[in-house]
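Dear colleague,

Please find below the structure that I am handing over to you. My notes on its cavities and pockets follow it.

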Amino acid sequence: MKLTGIEAKRRRTALVLTAPNVLFVLAFCVLPLGVLFSYSFFQVDFVSILREPTFDNYNRIIHSETYRGLILKALIYGLGVAVLCGVIAYPLALFIAKRVNIYKSALLTLLLIPLYTGDLIRIFAWRVVLGAEGVLNSLLMWLGLIDEPIWFLLFSPFATTVVLTYNYLPFMLFPLWAAIEALDDSYMEAAMDLGSRDLGVFFRIILPLSGPGLVAGFLMVFVLVVGDYLTPQLMGGSSGVTVTSAIHDMFGAAFDWPTGSALAWLLLSSMALFVACVVYGFYRSPWGRGIRKQDK
Amino acid sequence: MKNRGGSILQGYAFAFYGFVYLPILLMGLFSLNSSNLIAFPLTGFTFNWYVQIFNDGRIFKGLLTTMAVAIPVTLITTVLGSMAALVLTRYQFRLKPLFAALLVLPFFVPKLIFAIAQVTFLNDIGMDKGLITVWISQSLIILPFVTIIIASVLYKIDKSLEEAAEDLGARPWQKFRRITLPLMKNGILAAAFISFVLSNAEYTVSFFTSGRVQPLSVLVASDFRFHLSPSLNALAMLIVLFNICIIIASEWLRRRKVHQ
């Protein structure tokens, strides 16, 4: 009797702590997304919005090669940058997790500084470096290595890729680092004792066991890059037309909220579908063995 | 063999941090260069660009708006984030994964889509854009960061202390007030610092929900979309230096052991 009383009280406290957060997110994030969804079925009548449900917007987008291409382009950028981040971040995550003792927290803090400083300043710094009359070009010319500025440095897919990778590296590094840090050293020692060499230990022990961290980082970077709006806008120049900038246009100058909403929701669904496929694939793969065991 | 692998990794780490900090350092270098052009060769040392920023009334006004946004956002997110972190680390219930997913949802929805969802929502309920709408939308995006920081401190707290308080007859509120809160205080403070920094830096969502009250980030973004200037370098550098202080303080607090 007494125990159930305590249990009931605990439940009440949990509810009191949970409810404000749930209500806040439901009211100001889920509900607005729902409103956006409803707009995707409306139509535009000159300067006002006609609230008669129709599938026209979706039909038009699905049959338009331009929009399909833009969504595909966003997904490809997401995939490419996520792979790039994984390759670049992996050695550093390994280094911080297993080779550093005293400076560990300093090295991790150094990674947080650019992350928290915000995309606007990071992009600004890169524009200073990559501009046609910018730091890198002027340095190369001053040193006499080139005769005229390398134009493709700024306002190009190259610039966009560099800055996207730079922006989202920490989101790959932290899950990877956490996964490798949690790895028990005795596995590696056992493998060494049994005659495995450095590379063998890496490919047969470290890499498979850090799989969940790698996938978590991969998906985070993928989702963030697909949804990124500022970087292609400010670094890509004429190549900076993305699905997000198209959506922005429809909410700005073009005043076509319904088509913009439909495009936004198609982007969200294709992202969610991709993420679901990766998670399911990982869960079924040999690397997902650790997670499957925990579930049982 | 092992040592060679180690020194390769060490060299790689150096190169990595160079790549991460080079743009920021160059920005700093050219904020002190006297030439109007942001290009080599360097022409001479000056503090003029900084003086210009300090004398710019428009920037000062933007800074005030930024504060009027950041302080309430910090309060909202640390209160809600503390509650959420307590739930995530101290209670077990069936729908907990769903609760966690709901919390991080605003972070994973692309910022632009989140922003236009706000626009349609405000339009439908007939609410004007202003300070309140920025507070709400920024808080949603920043809440996941704050929750994770506070939760990371709560995970490390020895649960036996709280259990002992319960065994000795403390009521839930007493237990929280006298045991949990003092132990998580550093985490809350660390999270508040980060919340403040993230609010200052936020651009995309503020741009769509701020209307006529323009925080510094929105003001400056329209400047540098069209031209770069050394005084913008100076401003960016000031913001970076400020952030570095706050972030180091925050990380120090978060990792510190609490002594009774």
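In these notes, helices are DSSP runs of type H or I with at least four residues, numbered from the N terminus, and a lining residue is one that has an atom within 4 Å of a grid point of the cavity or pocket concerned. Please bear in mind that this is a predicted model.

Two or more lining residues come from each of α1 (2–39) of chain A and α3 (57–90), α7 (159–167) and α8 of chain B. The largest share belongs to α1(A), with seven residues. By class, the lining of this second largest pocket has ten nonpolar, four polar and eleven charged residues.

At least two lining residues are supplied by each of α4, α7, α10 and α13 (257–284) in chain A, and by each of α4, α6 and α11 (230–255) in chain B. The lining of the largest pocket is made up of 37 nonpolar, three polar and three charged residues.

The largest cavity has a volume of about 450 Å³. Among its 27 lining residues, Asp119(A), Tyr168(A), Leu224(A), Phe107(B) and Lys111(B) lie nearest the centre. Helices of both chains give at least two residues each to this lining, including α5 (119–130) and α7 (157–181) of chain A and α5 (111–125) and α6 (131–156) of chain B. The lining of the largest cavity consists of 19 nonpolar, three polar and five charged residues.

The second largest cavity contains about 130 Å³ of space. Of the 15 residues around it, Ala74(A), Tyr77(A), Val225(A), Pro232(A) and Thr242(A) are nearest its centre. In chain A, α3 (65–98), α7, α10 and α12 (243–251) each provide at least two residues of this lining, and α3(A) gives the most, with four residues. Eight nonpolar, five polar and two charged residues form the lining of the second largest cavity.

Yours sincerely

Key:
Residues numbered from 1 in each chain as written. Chains lettered and ligands numbered in written order. Predicted model: local features only at pLDDT ≥ 70, side-chain atom pairs only at ≥ 80, totals over all residues. Heavy atoms only, no water. 1 Å grid on protein atoms, 1.4 Å probe; cavity = no way out; pocket = protein on both sides within 12 Å on 5 of 7 lines; lining within 4 Å. Points joined across faces, edges and corners; volume = space filled by probe spheres on them. Nonpolar A, V, L, I, M, F, W, Y, C, P; charged D, E, K, R; others polar.
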